[in-house]
Amino acid sequence: MDQPPGYVVTGSEHLVCRLRKALYGLKQSPRAWFDRFSAVVLGYGFQHSTYDHSVLVRHSSTSIVVLIVYVDDIIISRSNSTGIADLKRYLGQHFHTKDLGTLRYFLGIEVAHSSPGLYLSQRKYVLDLLSETGLLGARPADTPMDSTVKLDGEQGELFSDIGRYRCLVGKLIYLTVTHPDITYAVGVVSQYMHAPRHPHYAAIYRILHYLKGAPGRGLLYKPCASLFVQVLVMLIGLVVVLIGGQFLAIVPLLVAVVKSIMLSLVLVLKLNIVL
């Protein structure tokens, strides 16, 4: 760590500044904020998930409460309706909070509440991606990959704009949260991020043409006790789909579905940082 430009003390260049107040824009501020927030919620009985440090869980004899934290946005979910008001009051005693009510939109994921259940989609995210690539008026494709095309790392000319390729693949990876049907295709094109070729870039556009057919496609979670049975049935159905003579990888699908379950929650709190 070096002294900031303009504040270098001549003869004491080995000294560094001590952070007394974390502000937006400083590299240390996210860690300082998360440390403070963690200390508050841990004092309420929460524990960090061993799988994701930004997920905190509180178990009791009657219910389970889950907090998902992204910077200063928080989703609160509970196995029953009691106790959420107490948690909101507790957080309000330590932070300036804004209750945004029932979850509708979070990190590009739209949540629609209806009698059949919770429907998760990324329609706006897909439309923005199609607009960025100039494919809003393109003809949709029936499948995310062309089964007659075999991709490898040798055939075709090298694609010059590697940054563009990686950016599109990254956006498609995030789309697998609500589109497990493109997981295999995205996994294939992501294998060539180090040295993409024109056939690989064409495969990305094939995925985008497929998304054009139904930009609002997503996942429906019904309010019943057999949620995990439904997820298992859906995974089995996806695994038996053949693309290019290969089975869909079940591990990426599991990751996508688990992420979707974590995001199919009921409340968002906006926490303004005041240190």
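Colleague: Which residue in β7 does tyrosine 105 stand opposite?

Modeller: Tyrosine 105 stands opposite glutamate 110 in β7. The model is predicted, so local features need pLDDT of at least 70 and side-chain atom pairs pLDDT 80 or more, while totals for chains, interfaces and linings use all residues. Residues are numbered from 1 along each chain as its sequence is written, and side-chain values use heavy atoms, without hydrogens and water.

Strand β6 (residues 105-106) runs antiparallel to β7 (residues 109-114), and two bridges join them; strands (E, at least two residues) and helices (H or I, at least four) are DSSP runs numbered from the N terminus, and pairing requires at least two DSSP bridges. Two residues separate β6 from β7 in a hairpin, and in this turn leucine 107 has a positive phi of about 55 degrees.

On to the next strand: β7 pairs with β8 (residues 117-121), again antiparallel, over five bridges. Histidine 113 has leucine 118 in β8 as its bridge partner.

Helix α3 spans residues 123-132, and its buried residues are Val126, Leu129 and Leu130, where buried means under 20% relative accessible area with a 1.4 Å probe, protein chains only. These residues lie on the same side of α3 because they cover an arc of only 100 degrees around the axis, taken from the directions from the helix axis to the C-beta atoms. The buried residues of α3 pack against α4 (162-175) and α6 (198-213), with contact meaning heavy atoms within 4.5 Å. Just after α3, glycine 134 takes a positive phi of about 70 degrees.

Technical notes. Buried means under 20% relative accessible area, exposed over 50%, partly exposed in between (1.4 Å probe, protein chains only).
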